[in-house]
Amino acid sequence: MSTTTVAAPLTNSLTAGKLPKYTSLAVLGASWLVAAAVFLMLQLSGASKDFNLAGTLFFGTVLYCVAIYLLSYFVEGVRKAKDRLVTALVTAAFVVALLPLVSLVVTTLTNGLPAFLTPSFFTQSQRNIVGAGGGALHAVIGTLFITGLAGLISIPIGLLTAIYLTEYGRGRLARGITFFVDVMTGIPSIVAGLFAFALFSLLFNDPGIRFGFGGAIALSVLMIPVVVRSSEEMLKLVPNDLREAAYALGVPKWLTILKVVLPTSLAGIITGVMISISRVIGETAPLLIISGFTASMNYNLFSERMMTLPVFVYTQYANQGADAQAYLDRAWAGALTLILIVMVLNGVARLIAKLFSPKLGR
Amino acid sequence: MSKRIEVTDLNAYYGKFLAVEGVSLTIEPRSVTAFIGPSGCGKSTLLRTLNRMHEVIPGAHVEGEVLIDGNNLYGPGVDPVLVRRQVGMVFQRPNPFPTMSIQDNVLAGVKLNNRRMSKGDADDLTEKSLRGANLWNEVKDRLHGPGSGLSGGQQQRLCIARAIAVEPDVILMDEPCSALDPISTLAIEDLIEEMKANYTIVIVTHNMQQASRVSDRTAFFNIAGTGKPGKLIEYDDTTTIFSNPTVQSTEDYVSGRFG
């Protein structure tokens, strides 16, 4: 007896159900619409006064997570459904994390731009200014001077410490340094300011001492541990193979460090240094204590009070005069200037890092 | 410019652990000597004691004597940096400097030592070294490109060019072909054959065919067990080691009965 097999069309056993590409977007839109409809009804029925946009987005997104999971579960199976759910959650987390940043930039821009764009903002100080007008040149100069000096002090010390820890140090001394660097990372900034103030007021026997150099010292206390930690991690990433290759060519250790280890890790070290600068450039408390505030220009780091941008923002906001809006506008403009300085520094650092990073690829 | 190496009663330690015990052998100039043996038997450790790279590892130290043309490497007042300028080394994995171009990699030994060099001299040395490493024709059009853009075999030959650019007397090779394909391996074996005319070459290899192809003399190392020190079992002409060894364990190893 012969069985005749019907030539059934071959089915590929590797296929599985698949939702079309636009499904995610469509479901998201639908979820938001449903949530919007619910809140619209609440508004029309008088239960709530205004249309609740935040609620719409939040509940719409939650609804989307549930809907896409169920839809995908029945069409595509459990693995894909989990994938879609986690993708939705991760994306939502990203957007939530981004919201404060965007909001901050937009608020600072809208509030700060009017005063920022007045020509006197970068050409004048606040000397003899009551009400509108004047500028923040004294604060910009102070911030650049004090942060620059703090960098000049901390970057060499921090980098050399990191080199000691990775290349030379072992045993109790290295462990001790690592421990105290970690402790220093956690110092509250106000303590750094008090330290600098106490140091200099005792040193010069002046209980009311205020000058820019003290601010630079206070910032260095905060900056050194950050530089040490980030540079140390970068130096550790340099493969030992490269050090051995240099030794085997008869290169002494110090030249190996200078010409092989440092150039290889330079991009990372620069990034770390920029992060440390961004960390201290916005410090207010220590500078308020040791550098003080003033309305006048001061180009001398070693005598008299020196204004800085964070302190400028603080004083403009805290001591509003008769024309309060002018002071508030200047405070926002000062904050905007600070953000722009940090952004420019970061851009420059990225450029340098790109120029110096090891050349890969063909 | 090649030199004789005499090793007498050498013990190499990592901290308190004795890794190589009581090795004595003489390596003739203008020859290729292969170190073979199972993993962990101290071949690489012994090789690294020959240019004082052993002590780069924290806690590692050496007892005994290594004479290069009668000069003791471990005598008092010997500068390891000067030793390493005479005894070059090629590592298991190709390790060109990633921040440097191909030409700078070749000249690294000179440039890193802050020696000044006219452009003409530098170009001549580059060409000579790259020709010496059989790499010139492949890279002459991109000397200023990055060294990491080359293939694995080319990178390893670049490392050999870098080692011979400092004009050493001895070249140590620590499994130079273990990360390479057969074609690149062949290129490097041919290169070793040519370089024999000018240098004393010591090569560590896991590949017994390679040892029998390239070397004049072969040293077989073995360990009694984990945690025991590695010892030199037999050292003789390569043909003798592979055809008529005197020690049973050598015969077992080269015939593939263990290891």
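Helix α6 (residues 189-203) and helix α7 (residues 212-236) of chain A have axes that come within 8 Å and cross at roughly 135°. The model is predicted: local features need pLDDT of at least 70, side-chain atom pairs count only at pLDDT 80 or more, and totals for chains, interfaces and linings use all residues. Residues are numbered from 1 along each chain as its sequence is written, and chains are lettered from A and ligands numbered from 1 in the order in which they are written.

**Helices α6 and α7 of chain A**
- α6(A) passes α7(A) in a right-handed crossing (the near helix is turned clockwise from the far one by less than a right angle).
- From α6(A), A:S189, A:A192, A:G193, A:F195, A:A196, A:F197 and A:F200 meet A:G214, A:I217, A:A218, A:V221 and A:L222 of α7(A).
- This contact of α6(A) with α7(A) holds 9 nonpolar, 3 polar and no charged residues.

**Helices α4 and α7 of chain A**
- Helix α4 (residues 137-168) of chain A packs on α7(A) at an angle of about 35°, with the axes 6 Å apart.
- The α4(A) and α7(A) crossing is right-handed.
- Its contact residues divide into 19 nonpolar, 10 polar and 2 charged.

**Contact between chains A and B**
- Chain B gives 25 residues and chain A gives 22 (contact means C-beta atoms, placed from the backbone, within 7 Å).
- On the chain B side, α2 (80-86), β6 (87-90) and α4 (108-111) each give two or more residues.
- α2(B) supplies the largest share of that side, 3 residues.
- The chain B side has 12 nonpolar, 9 polar and 4 charged residues.

Key. Axes are lines fitted to C-alpha atoms, for helices over the stretch in contact, and angles run from 0 to 180 degrees between N-to-C directions. Helices (H or I, at least four residues) and strands (E, at least two) are DSSP runs, numbered from the N terminus. Two residues are in contact if their C-beta atoms, placed from the backbone, lie within 7 Å. Ala, Val, Leu, Ile, Met, Phe, Trp, Tyr, Cys and Pro count as nonpolar, Asp, Glu, Lys and Arg as charged, and the others, Gly among them, as polar.
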